[in-house]
Amino acid sequence: MEKSFLRINKNERSMSLQHIDLKKKELVVKRNGQTYNLLDFNAVLERRSGFTVQDLVNDSQVLEESLFHEETSYHKEHVLKEANELIDFIHYYIENTSVKVIGKYEHRKLNKLKVLYLATSLGLSVPETFVVSTKADLIRLTKEYCNNIITKAISDGVYLFTNLHGYYSYTERLTLDTITSKLSTSFFPSLIQKEVKKLYEVRSFYLEGAFYSMAIFSQSDKATQTDYRKQGKAKLASRMVPYQLPDATSALLTKLFQVLNLTTGSADFMVDEKGEHVFLEINPVGQFSMTSIPCNYQIEKIIAEKLSCI
Amino acid sequence: MISLEQHTDHYFYLYANCFVTRGFSRSTIIDVAHKNLYFIDNAYCDLISRFRVDKIGAVINSFEAQKDVTYFLEFLNFLQANNLGTFVQDITLFPAISLDWDHPSKVTNAIIDSRNINHDFEDILKQLDDLGCLDVQLRFYEKTEISYLESILELTAPTAITAVQMIIRYNALIDSMDYHRLVKKYPVLDLIIVYGSPENKFLEQHDDVREVFKKVLFTTQAVDSCASCGTINLRSMSIPDSVQGYAENVRHNSCLNRKVSVDENGDIKNCPSLPRSFGNVKDTPIARVLEDKDFIKAWNISKESITVCKDCEFRNICSDCRAYTSIPGDILSKPAKCTYDPYLANFA
Ligand code: SF4
Ligand code: SF4
């Protein structure tokens, strides 16, 4: 089972688009002096985006220069719009000419609220969820749930590293103190959920009908209680072990993936003291290695076999 | 202290990445996630196997003497205090970890020995890279110049080799700062061991952030030939960093699996100390050697098939050695340079 492959990382800089020819069926890129027609490949695994604007142009200087002097951002926005349209098509074209596709480009983003809504309507249990924009509403919720509320990003969290600082946001607990002292009377609509008192978390990687699940025990350490990614200097690493979703949950979750038209992705749950599996979200470009490695699922091998078995 | 009433209806789940190995005189629990090792009595090893079938209440009811209940409670406390397990309602939701092992590379690690000859390192490293080799150990049995080491390290630049270890002879003319510069210049250089040194010491290397790496080790030990290899003691053992590493130890030979060696004469072998040559690198491609069933055979000698070792509680973390065996010529006998006696549970 030896097949040649090409891995395209975004922002690689060493790669650039040469040309597309619809008649001749060519989508040619150049990398390290080699040219490849991407339509020659017959299987593709997509995770996030393989291309960025920088990869499309041979001379990125173009992007830095401004044509419209009064409206300097107009030119950039215009180029960006053109580029995104093109990137969209590149992925679509490759997917359509491949025999086997795992993970579609158009599925790289999901609307969290939409997914929560669909999950409840299918019968999965989800945390109580609100979007609020006034301090008064937030204080009411905080009191109603005895301080047990959290906030998180509606789309993606902040993850930015500049030369001086690293900015990143995680799921945070809100307290009455912070709300009264730090917030103004109205603010940008924010996602608020009742905090689930968890025994452990579950991450289920889904691939074409099968789940590869992992339980994450992090409770023994205060620092990771709201978000296990925030391990900081915690002495003991979280316990990540293989997990088997209960049949009922797994059936409902399969349905959710089907309704969303997803053949792969990663679902998150919290399991509370009563053993209830509370669904949190689906990450359509889920990293499988963070489940595969601790649980020794060898998902990378399974994917390689699926891609080469055509 | 745990109150048992609260948990009689629960199972005790020993985390799947805490592995129990039963030995002749005692057992070990290897916590791969936290890299800890615990010794337990064999009686407790039996008890742990009941955890997957019986609830706590049922285990307690099976004890006749009250003191057994007390011991059991103490044992549960020990497991919990060391974060080795937790109480759960439904044990079937927590399956065991598979110990299947595989790797995309045909060869993952290699040893190249040198004495008085100049191997064609460019060719050898290229061949190893084509096979996906990640770790390369280079052992030199005579004095080497820094510039020579540097010229070899340059050859790794176009490859995907991730770590190089160099074992070199002490040379009074080389300033220790030169080694320092070498490891700084070549991040791929994982460790330099300078043997025959006047003293034992580690040279500390600080990276720009905060970590201290100890990449240059000076040792008074003499390494005259490949015969210096194969010593087994508590220091030579290490708990793997991952479940994959542990699984490889369990299923395959912990020293020779996916290894290729080139000895000081250029002979391709499983290990430079083993007698059998499968051809010389000058005229035999390494890839061809890998097609030989006899060559691959050594990769799969797991501890379960080695006499004495199969009764040892360290077997799943032991580095093993198939070249120097206690019964010369018997490749399935215990390593000759291991002083541990699993029947007495002590190091001689
Ligand atoms: S008896 Fe075998 S398994 Fe045990 S320490 Fe010695 S060599 Fe390793
Ligand atoms: S088999 Fe023994 S001598 Fe050979 S490399 Fe392994 S430990 Fe060293």
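Colleague: Let's start with a detail: which residue stands opposite A:Val28 in strand 3 of chain A?

Modeller: That would be A:Asn37. Bear in mind as we go that this is a predicted model.

Colleague: How many bridges join strand 2 of chain A to strand 3 of chain A?

Modeller: There are 4 bridges, and the two strands run antiparallel. They form a hairpin with 2 residues between them. In that turn, A:Asn32 has a positive phi of about 45°.

Colleague: And what sheet do they belong to, in which order?

Modeller: An open sheet of 3 strands in chain A, ordered 1-2-3, with antiparallel pairing. Strand 1 (15–21) and strand 3 (34–37) of chain A each have a single partner strand, so each has one side without a neighbour in the sheet. From one strand to the next, the twist averages 20°.

Colleague: What about the other pairing, how many bridges join strand 1 of chain A to strand 2 of chain A?

Modeller: Strand 1 of chain A is joined to strand 2 (residues 26–31) of chain A by 6 bridges, again in an antiparallel run. As an example, A:Ser16 has A:Lys30 in strand 2 of chain A as its bridge partner.

Colleague: Switching to the sheet of 5 strands in chain A: what is the order there?

Modeller: The order is 14-13-12-15-16; this sheet is open too, and the pairing is antiparallel. Strand 14 (239–243) and strand 16 (277–283) of chain A are at the edges with one partner strand each, so one side of each is left without a neighbour in the sheet. Neighbouring strands of this sheet are turned by 25° against each other on average, direction ignored.

Colleague: Which helix packs on that sheet?

Modeller: Helix 7 (residues 247–259) of chain A does. It touches strand 12 (198–207), strand 13 (210–217), strand 15 and strand 16 of chain A. The direction of helix 7 of chain A makes about 145° with that of strand 15 of chain A.

Colleague: And which residue in strand 16 of chain A stands opposite A:Phe269?

Modeller: Another phenylalanine, A:Phe279. Strand 15 (residues 264–272) and strand 16 of chain A run antiparallel, with 6 bridges joining them.

Colleague: On to chain B. At what angle do helix 1 and helix 3 of chain B pack?

Modeller: Helix 1 (residues 42–50) and helix 3 (residues 66–81) of chain B pack at about 75°, with their axes 12 Å apart. That makes the two helices of chain B roughly perpendicular. Helix 1 of chain B brings B:Tyr44, B:Leu47 and B:Ile48, while helix 3 of chain B brings B:Tyr71, B:Phe72 and B:Phe75. By class, that contact has 6 nonpolar residues, no polar and no charged ones.

Colleague: What about helix 5 and helix 6 of chain B, parallel or perpendicular?

Modeller: Roughly parallel. Helix 5 (residues 146–155) and helix 6 (residues 176–185) of chain B pack at about 10°, their axes 11 Å apart. Among the residues in contact are B:Leu149 and B:Leu153 of helix 5 of chain B and B:Tyr179 and B:Leu182 of helix 6 of chain B. The contact divides into 5 nonpolar, no polar and 4 charged residues.

Colleague: Which residues are around ligand 2?

Modeller: The residues around ligand 2 include B:Cys229, B:Cys255, B:Cys271 and B:Cys321, as well as B:Asp320 and B:Arg322. The shell has 8 nonpolar, 2 polar and 2 charged residues.

Colleague: Last one: what ipTM does the predictor give the complex?

Modeller: The ipTM is 0.90, with a pTM of 0.88. Chain B averages a pLDDT of 93, and 97% of the residues score at least 70.

Terms used: Residues numbered from 1 in each chain as written. Chains lettered and ligands numbered in written order. Predicted model: local features only at pLDDT ≥ 70, side-chain atom pairs only at ≥ 80, totals over all residues. Heavy atoms only, no water. Axes fitted to C-alpha atoms, helices over the stretch in contact; angles between N-to-C directions. Parallel < 35°, antiparallel > 145°, perpendicular 65-115°, else oblique. Contact = heavy atoms within 4.5 Å. Nonpolar A, V, L, I, M, F, W, Y, C, P; charged D, E, K, R; others polar. pLDDT = per-residue confidence, 0-100. Pairing = 2+ DSSP bridges. Near = heavy atom within 4 Å.
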